[in-house]
Amino acid sequence: MPSIARRRLLNSIPALALSPWAGGGWAAVRRVSAVPGGVARIPFDGTHPAPRVRLGEDRVLVMREADAWVAHAGIALSTPPGSIVKVQAERADGVAESVEVEVAPKAYAEQHLKVPPGKVDLSKEDLARYERERAHLAKVLRTFSEAPPATLALQTPVQGPRSSSFGLRRFFNGQPRSPHNGMDFAAAAGTPVVAAGAGRIIDAGDYFFPGKTVIVDHGQGLLTLYAHLAAIETRVDERVPAGHPIGKVGATGRVTGAHLHFSVFLNAAAVDPALFLPD
Ligand SMILES: [Zn+2]
């Protein structure tokens, strides 16, 4: 039985869907709500061609659902609760609409670690490498290809127990670090890792923090990322079906033990993988 959140993401249209374009006017601004790290579902009239939808500079995934178009906007973990995120839609005939996403609070767990200062601060060389890689990965994660994914339902990338640590707020010696932007799977080194959905490999590299990493483009800005791999068994530009092996679980990068770190991105925002995976 899928969780309520996943069911809602995958196959229901909320009451707000009622006649979004009705009345011939655009006076009423529609408002939906979502949590940081969640997905805002915004339905649009299905009698026109698909609208182009944007959040800031990034295109937003739009999927056909029955007789409607539904935009799925990823809400970044860093978005403050209580704030309003504006999503801009443009219909094929040029008519524009702005939809407001009210960001609701979500209490993610906190983890406080005391570590020797030398372990927190990177050397000049490591910092330079990290900055370079961060810029490269940020660019890759903004990939948007027009062909939509066949489904938003992903399959589990590795057999093994999952942590529920998405969104975990980490502090080293009292200093906030970036929150945990994925789901960790416990699995022995060497366990096969498969693509969670059909797509194209858009990045495969060995990076300072995530170690050996593969990124798959599923279409319309839906991307998945697999980190800390012992081995990469694919190459950039390869097209893979869902369930296709792409590597092996490992402990590369900055980690203390073998596990798979799995992230899901929509419009370049990391969203909770649990929304897409089977229970
Ligand atoms: Zn992780």
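**View 1. Salt bridges across the predicted model.** By the rule used here (a side-chain nitrogen of Lys or Arg within 4 Å of a carboxyl oxygen of Asp or Glu), the count comes to 14 salt bridges. This is a predicted model, so local features need pLDDT of at least 70 and side-chain atom pairs count only at pLDDT 80 or more, while totals for chains, interfaces and linings use all residues. Residues are numbered from 1 along each chain as its sequence is written, and side-chain values use heavy atoms, leaving out hydrogens and water.

**View 2. Glu100 meets Arg31.** Their closest N and O atoms sit 2.7 Å apart. Glu100 belongs to strand β8 (residues 96-103) and Arg31 to strand β1 (residues 30-34), so the pair ties together parts 69 residues apart in sequence. (Strands, E, at least two residues, are DSSP runs, as are helices, H or I, at least four; both are numbered from the N terminus.) Glu100 is buried at 15% relative accessibility, whereas Arg31, at 38%, is partly exposed. Buried means under 20% relative accessible area, exposed over 50%, and partly exposed in between (1.4 Å probe, protein chains only). Arg31 and Glu100 also join Lys86 and Glu102 in a network of salt bridges.

**View 3. Arg142 pairs up with Asp58.** Here the closest N and O atoms are 2.9 Å apart. Arg142 is in the loop between α3 (124-140) and β10 (169-172), and Asp58 is in strand β4 (residues 58-59), so parts 84 residues apart in sequence get tied together. Arg142 is partly exposed at 45%; Asp58 is buried at 15%.

**View 4. Glu133 and Arg129 share helix α3.** Four residues apart, they're separated by about one helical turn.
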